[in-house]
Amino acid sequence: LCEHHISGTLKVAPEHISDNVLKRMHKPDRSVFERFCRKYEAENKRIGKKQYMIPYFISSHPGATLEDACELSVFLKKNGFVPDQVQDFYPTPGTLATCMYYTEMDPLTMEPVYVAKTMEEKKMQRALIHFHKKENRRTVEAALKKVGREDLIPVFFSHKYHTKKRK
């Protein structure tokens with residue numbers, strides 16, 4: 001795959017990193033994506049190619065709390081990912097996620113599902129994924145304060161904290 005089928009950038013769709021949210025998406029847990037990232041990096045190093053990975057994420061998916069969005073932003077910062085593509089969850093007919101959005105229940109388990117429905121929280125979840133954008137600073141700070149994670153404010157906004165850059 002790395003040697004013959006990628007022309008510099010591999011786009012992948014983990015969609016989230018919180019196991020709580022991934023469960024609602026019916027996707028494997030976070031460790032699967034992390035293992036894939038390590039193998040992708042190792043294989044490119046082995047073959048001597050400088051290739052990047054661009055992950056795609058969804059904010060405010062049914063099941064995603066502000067704490068889950070915070071977990072995702074910490075993962076992005078720690079791993080040097082700066083996502084270009086983020087989609088706010090939008091209900092579309094005929095999907096399990098839309099059923100969860102409207103009923104606030106997982107139709108397969110009948111468990112209650114948290115759904116972010118206010119514009120304020122949806123904006124906060126998206127801003128946490130795009131924490132690197134200047135225009136999101138106030139929203140990110142408000143979100144971090146709301147979940148009691150003021151300790152992360154310097155991590156996201158101080159020049160003292162640097163991470164390796166990935167595309």
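**Confidence**
- The chain has a mean pLDDT of 91, and 95% of its residues reach 70 or more; pLDDT is the predictor's confidence in each residue, from 0 to 100.
- Residues 161-165 fall below 50 in pLDDT, and this stretch has nine contacts in the model beyond near neighbours in sequence. Contact means heavy atoms within 4.5 Å.
- Where pLDDT is low, the predicted coordinates should not be read in detail.

**Helix α3**
- Helix α3 covers residues 66-79, and its 14 residues reach 20 Å from first C-alpha to last, close to the 20 Å expected at 1.5 Å a residue. That expected span is 1.5 Å times one less than the number of residues.
- Helices (H or I, at least four residues) and strands (E, at least two) are DSSP runs, numbered from the N terminus.
- The buried set in α3 is Leu66, Asp68, Ala69, Cys70, Leu72, Ser73, Phe75, Leu76, Lys77 and Asn79.
- Those buried residues pack against α1 (19-25), α2 (30-47), β2 (52-59), α5 (119-129), α6 (137-146) and α7 (153-157).
- After α3 comes Gly80, with a positive phi near 70°.

**Helices α5 and α6**
- How do α5 and α6 pack, in angle and in distance between axes? The angle is about 105° and the axes are 9 Å apart, with axes being lines fitted to C-alpha atoms, for helices over the stretch in contact, and angles running from 0 to 180 degrees between N-to-C directions.
- The two helices are therefore roughly perpendicular to each other; angles under 35 degrees count as roughly parallel, over 145 as roughly antiparallel, 65 to 115 as roughly perpendicular and the rest as oblique.
- On the α5 side, the contact is made by Glu120, Lys123, Met124, Ala127 and Leu128, and on the α6 side by Thr139, Val140, Ala142, Ala143, Leu144 and Lys146.
- By class, this contact has seven nonpolar, one polar and three charged residues. Ala, Val, Leu, Ile, Met, Phe, Trp, Tyr, Cys and Pro count as nonpolar, Asp, Glu, Lys and Arg as charged, and the others, Gly among them, as polar.
- Within α6, Thr139, Val140, Glu141, Ala143 and Leu144 are buried, and their cover includes α3, α5 and α7.
- Gly148 follows α6 and has a positive phi, near 70°.
- Lys133 sits in the loop between α5 and α6 and is partly exposed, with a relative accessible area of 32%.

**Met25 and Glu15**
- Met25 belongs to helix α1 and counts as buried at 13% relative accessibility.
- Beyond its neighbours within four places in sequence, Met25 is in contact with Glu15, His16, Ile58 and His61.
- Met25 and Leu76 are 51 residues apart along the chain, and their C-alpha atoms are separated by 19 Å.
- Glu15 lies in strand β1 (residues 9-15) and counts as buried, at 18% relative accessibility.

- Most residues other than glycine have a negative phi, and most peptide bonds are trans.
- Glu15 has a positive phi near 70°.
- Glu104, also not a glycine, has a positive phi of about 55°. Glu104 is found in the loop between α4 (96-103) and α5, and it counts as partly exposed at 36% relative accessibility.

Terms used:
Residues are numbered from 1 along each chain as its sequence is written. This is a predicted model: local features need pLDDT of at least 70, side-chain atom pairs count only at pLDDT 80 or more; totals for chains, interfaces and linings use all residues. Side-chain values use heavy atoms; hydrogens and water are left out. Buried means under 20% relative accessible area, exposed over 50%, partly exposed in between (1.4 Å probe, protein chains only).
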